[in-house]
Amino acid sequence: MCKMSTIENEPFKVVEEIPIGLHIWWNNLGEVIRGDAIKALGGLTGLLKIKPRVDIIEALIPFWDPMHNVFHFSNFELTLTLEGIAAYAGLNGNLRSRYLVAPRAVTPHKFLDLLSISREVKDGNLAKGFCTFYFLYRHYGDANGFEAPDTGLSHQGNKGKWEVRRGLAFVVTFLGILICPRSDGHIELGLVGVADFMIKKANGTIIPMVMADIYRALTVCRARGKFFEGCNMFLQLWMEEHLCRRPGYMNYGLTGLNCIEEHENWVNGHEFLKGTKAWFAHLISLTASKIDWTFCWLPVNKVIFMSAGVCFLLLMGLQSIQPYAPHRVLRQLDKSLN
């Protein structure tokens with residue numbers, strides 16, 4: 001985490017560094033177990049290679065309209081789209097056939113049971129609804145953790161079961177650190193229910209939950225909140241790609257490339273500003289003619305939008321329910337209301 005200042009010099013925090021232990025854990029996962037993690041996370045694993053930019057997030061916050069969940073610039077508005085985030089996750093914009101995964105209440109005992117950790121293990125944080133990164137890493141992050149004494153694992157002696165739970169624990173940790181972060185860096189117990197479902201079910205998606213949490217984080221920070229409690233890296237990638245005017249066309253969905261991992265190549269040659277003040281000055285003068293309205297790697301045949309009578313969807317996040325008005329973003333998907 002990193003402390004910084006908003007435009008009004010009120011300090012707040014964002015996820016700025018990915019723990020080296022998370023990288024080590026990912027690199028040490030076996031091929032089969034890594035496949036299980038990819039099944040759950042899809043292209044989101046590409047976030048491990050992204051360097052977070054604090055200044056972009058800080059500069060964007062004053063442009064956020066919490067009444068309509070959009071960014072208002074000089075003569076236009078923008079907001080993240082479900083289709084766009086789904087493409088980043090490797091779903092090629094297809095959400096209609098997916099089961100929307102909602103947060104799940106998980107007791108400390110259920111948390112330990114799903115991770116095959118003995119209920120006799122004592123940790124005062126569990127009763128408060130969270131665990132630390134170290135707690136999960138000590139049991140499953142270390143590649144040699146299976147041989148470690150006094151781990152408190154209920155499947156001790158069965159390395160195959162340990163490997164399977166190792167993948168589940170990684171997905172929980174990934175979600176807790178990068179997707180649904182807390183200001184103290186700890187991990188919500190309820191994420192184990194989400195991770196368990198994502199690994200067991202092939203058609204689930206957490207994309208609506210991710211977007212709801214980003215919306216909530218923007219609104220909280222707009223009201224002088226001190227921590228961006230959402231996936232700031234998604235917001236960073238989204239803004240950078242809108243600012244790149246690209247004459248070519250590339251469909252990562254058809255080529256099989258990971259949109260997140262290819263982001264650096266996609267924006268290569270575009271010089272981004274540095275510093276919050278420089279970004280804010282640029283954004284305040286930004287006009288509709290200076291951005292790329294549609295991501296050309298995102299061909300969407302069927303967008304999600306509501307009728308004129310019911311013009312919004314409700315997205316369930318980890319901590320709140322947020323409205324999403326798809327008709328406001330059709331231009332970003334190269335669509336019209338006609």
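At what angle do helix α1 (residues 20-28) and helix α7 (residues 159-179) pack, and how far apart are their axes? Before getting there, a word on what you're looking at. This is a predicted model, in which local features need pLDDT of at least 70 and side-chain atom pairs count only at pLDDT 80 or more, while totals for chains, interfaces and linings use all residues. Residues are numbered from 1 along each chain as its sequence is written, and side-chain values use heavy atoms, with hydrogens and water left out.

Let's start with the overall picture. The protein has 13 helices and 11 strands; these are DSSP runs numbered from the N terminus, with helices being H or I of at least four residues and strands being E of at least two. Of its 338 residues, 54% are buried, where buried means under 20% relative accessible area, exposed means over 50% and partly exposed is in between, using a 1.4 Å probe and protein chains only. A contact means heavy atoms within 4.5 Å. Among contacts with a separation of 6 or more, 74% join residues 24 or more positions apart.

Now back to the helix pair. Two packed helices are described by the angle between their axes and the distance between the axes. For α1 and α7 the angle is about 150° and the axes are 11 Å apart. That makes α1 roughly antiparallel to α7. Axes here are lines fitted to C-alpha atoms, for helices over the stretch in contact, and angles run from 0 to 180 degrees between N-to-C directions. Angles under 35 degrees count as roughly parallel, over 145 as roughly antiparallel, 65 to 115 as roughly perpendicular and the rest as oblique. On the α1 side, the contact uses Leu22, Trp25, Trp26 and Asn28, and α7 brings Arg166, Ala169, Phe170, Thr173, Phe174 and Leu178. By class, those residues are 7 nonpolar, 2 polar and 1 charged. (Ala, Val, Leu, Ile, Met, Phe, Trp, Tyr, Cys and Pro count as nonpolar, Asp, Glu, Lys and Arg as charged, and the others, Gly among them, as polar.)

Helix α7 has another partner, α8. These two pack at about 125°, with axes 9 Å apart, so α7 is oblique to α8. Here Gly167, Leu168, Val171, Val172, Leu175 and Gly176 of α7 meet Leu191, Val192, Val194, Ala195, Asp196 and Ile199 of α8. This contact has 9 nonpolar, 2 polar and 1 charged residues. Helix α8 (residues 191-200) is itself mostly covered, with 9 of its 10 residues buried, Phe197 and Met198 among them.

What about the core? The largest nonpolar core holds 115 residues, and those with the most contacts inside it are Leu47, Phe71, Phe111, Phe170, Phe174 and Leu178. Helix α7 gives the most to this core, with 11 residues. A nonpolar core is a set of buried Ala, Val, Leu, Ile, Met, Phe, Trp, Tyr and Cys residues joined through side-chain atoms within 4.5 Å. Take Phe111: beyond its neighbours within four places in sequence, it touches Val106, Leu126, Cys131, Phe135, Leu136, Leu189 and Val192.

Finally, check two loop residues. Asn69, in the loop between β3 (64-65) and β4 (70-72), has a positive phi of about 55° although it is not a glycine. Asn69 is buried, with a relative accessible area of 3%. Ser116 sits in the loop between α5 (108-114) and β7 (130-131), with a positive phi near 55°. Ser116 is buried too, at 9% relative accessible area.
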